[in-house]
Amino acid sequence: MSITNPNKELPRIEDYRADLAPGEIRAAAVANTRSIAMQAYLHAFPAFLHMRQLTEFIQGRRYMAPGENPLGGWFLMRKLADTSTTTVSPNVDTLYGATYLFLDQQGPVVLSVPAISDRYYSIALLDAYFNNFAIISPRTYAEGHGNYLIVPPGWQGEAPGGIKEVLQSPTPIINLFQRIYTRNEAEYPVLHALQDSIRLTSLAHWGNAQVEVPPADLSPYEIQGMRLTRDPLKFFEYTNYYTGVNPPPAEDAGLMALFQTAGVGPGSRLPEDPQLREAIAQGAADAQAAINARITAGPYRNGWTVPDPEIGQPGPHILSRASCQLTQLGAFPQQEAIYFFALHDVENNRLNGANSYTITFAKGQLPPLHPHGFWSLTMYNEVFLLVKNPLNRYIIRPDQAGLTYGPDESLTLYLQAEKPAGVPEGNWLPAPSGVFSVALRTYLPKPEILDGTWFPPGLEKVN
């Protein structure tokens, strides 16, 4: 295959010149900076989101619990997500809890988990790039209750008696997510007690008294409105600092050295040169375009996105990691949960509430899951947020009241803006009037889902 440009003669491989004019040298330097900035933006994007969430977590904790140390205390959702939830792609299956720890300043921390035997639960530990480095759940620990010691990078101490396992973080700053499956609102009192029983205690005081983790210097994160940041240079100011505090894995050292040559790596300072700053901004725009293209292009199967097998894990796949965190912040690795997103119907047309759709699971073809696993179908609008509707129903799950199976034991669900005529209301998932998307979550998936043998049926347009 040949690539030609009729309007411009391009250099051939191994062609070289040593007589470039100053303007040509300058143009090459600017192009190089733009290219480096594009890659640096993709690599740093999850860290930007992690830092942004940290600033909002601190502000939220101070508002909800004034006078308390923001770090080490949980920010707990006491009810399921609804249309007031601003996190992208929220689930409506579990009560959430979130917290942050500065392990380099606060020292090792003991995570105490109560016995939870009748449902799915998890406590996920994520580094400063939203990579899961440990998960406590029915999958990873058959008897998950107990005490776990979370330690900073390079910790060489000795765990005291009563510690089930030492969990070493790759970065000094981490966050934790707790999820507890919720069948209905009547369970809230019991589940709130479970949430409160998931404790974090300073190792220095553990075993003597229940003492909160010590405070840390939060002054670098006193940033208001970071969610409104649109300036790519400000993005790099934030991430240059945050990735310097939380160094990437050692295997990324060569890449970081390259980024630093353009002033966009860990601990770097942006160049003062206006042309180079403009090149960095253009590189950021190139990266965002690549993210948007990745989200739009799929790959798709039956109208559903094919899940990335490396989701929620570190590695060189920087475009997929950035794309994932934009739409599935803090996503699990596939062994814990697999999410399928449908933006199109089975004919590859964009889903729109002006139409009506059905999805049918044949007998025996519901998602295959391990014990305590569950599946759910969630409706979102065009920006992956929940949608107001007359039923205040955002999901369909197999334990939902009024769900009706066909005579052949198949299950057909109806996705449309208006209530479908002549079908059980329990099988209707209300859609917005415009463009929408749907998520099928499968928690604790069996190998058939992991290897693609089982895949969701497509959404069929019925009018």
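1. Asn-348 sits in the loop that joins strand 12 (337-342) to strand 13 (357-361). The model is a predicted one. The phi of Asn-348 is near 70°, a positive value, and the residue is not glycine. Is Asn-348 buried, partly exposed or exposed? Its relative accessibility is 49%, so Asn-348 counts as partly exposed. The cut-off matters here, because exposed means over 50%.

2. Leu-444 is another non-glycine residue with positive phi, at about 55°. The loop between strand 18 (436-443) and helix 8 (447-450) holds Leu-444. Its relative accessible area is 4%, so Leu-444 is buried. Worth a look on screen: a positive phi at a buried leucine.

3. Next, the cavities. How many cavities of 30 Å³ or more does a search of the whole structure find? There are two. The largest cavity holds about 70 Å³ of space. It is lined by 14 residues, and closest to its centre are Gly-312, Gln-313, Arg-321, Cys-324 and Gln-325. Which element gives the most to this lining? Helix 7 (residues 318-327) does, with four residues. By class, the lining of the largest cavity has six polar, five nonpolar and three charged residues.

4. The second largest cavity holds about 60 Å³. Its lining has six nonpolar and five polar residues, and no charged ones. Helix 1 (22-64), helix 4 (232-245) and helix 5 (253-260) each supply at least two lining residues. Among the residues that line this cavity are Ala-40, His-43 and Ala-44. Thr-239, Asn-240 and Thr-243 also belong to the lining, and these three are buried residues of helix 4. Met-256, Phe-259, Val-264, Gly-265 and Pro-266 are lining residues too.

5. What covers the buried residues of helix 4? The cover includes helix 1, strand 2 (94-102), strand 8 (173-181) and helix 6 (274-297).

6. The N-terminal end of helix 4 is capped by Asp-231. A side-chain oxygen of Asp-231 lies 2.9 Å from the backbone nitrogen of Leu-233.

7. Arg-230 lies in the loop between strand 9 (199-202) and helix 4. Is Arg-230 buried or exposed? Arg-230 is exposed, because its relative accessible area is 66%. A polar atom of its side chain lies 3.0 Å from the backbone oxygen of Arg-227.

8. Gln-106 is part of helix 2 (residues 103-106). Its relative accessible area is 5%, so Gln-106 is buried. The side chain of Gln-106 has two backbone partners to check. One is the backbone nitrogen of Phe-102, 2.6 Å from a polar atom of the side chain. Another is the backbone oxygen of Pro-214, also at 2.6 Å from a polar atom of the side chain. Leaving aside neighbours within four places in sequence, Gln-106 is in contact with Asn-69, Leu-71, Leu-101, Val-213, Pro-214, Pro-215 and Ala-216.

9. Ser-122 belongs to strand 4 (residues 121-126). Its relative accessibility is 1%, so Ser-122 counts as buried. Its side chain makes a polar contact of 3.2 Å with the side chain of Tyr-120. Beyond four places in sequence, Ser-122 touches residues that include Ile-135, Ile-136 and Ser-137. Phe-177, Gln-178 and Arg-179 are touched too, as are Phe-332 and Glu-336.

10. Last, a pocket. The second largest pocket has a volume of about 480 Å³. Its lining counts 18 residues, and nearest its centre lie Leu-80, Val-92, Glu-185, Asn-392 and Ile-395. How does the lining divide by class? It has eight nonpolar, seven charged and three polar residues.

How values were computed:
Residues numbered from 1 in each chain as written. Predicted model: local features only at pLDDT ≥ 70, side-chain atom pairs only at ≥ 80, totals over all residues. Heavy atoms only, no water. 1 Å grid on protein atoms, 1.4 Å probe; cavity = no way out; pocket = protein on both sides within 12 Å on 5 of 7 lines; lining within 4 Å. Points joined across faces, edges and corners; volume = space filled by probe spheres on them. Nonpolar A, V, L, I, M, F, W, Y, C, P; charged D, E, K, R; others polar. Buried < 20%, exposed > 50% of the residue type's maximum accessible area, 1.4 Å probe, protein only. Contact = heavy atoms within 4.5 Å. Polar contact = N/O pair within 3.5 Å; in protein donor to acceptor, adjacent residues only side chain to side chain.
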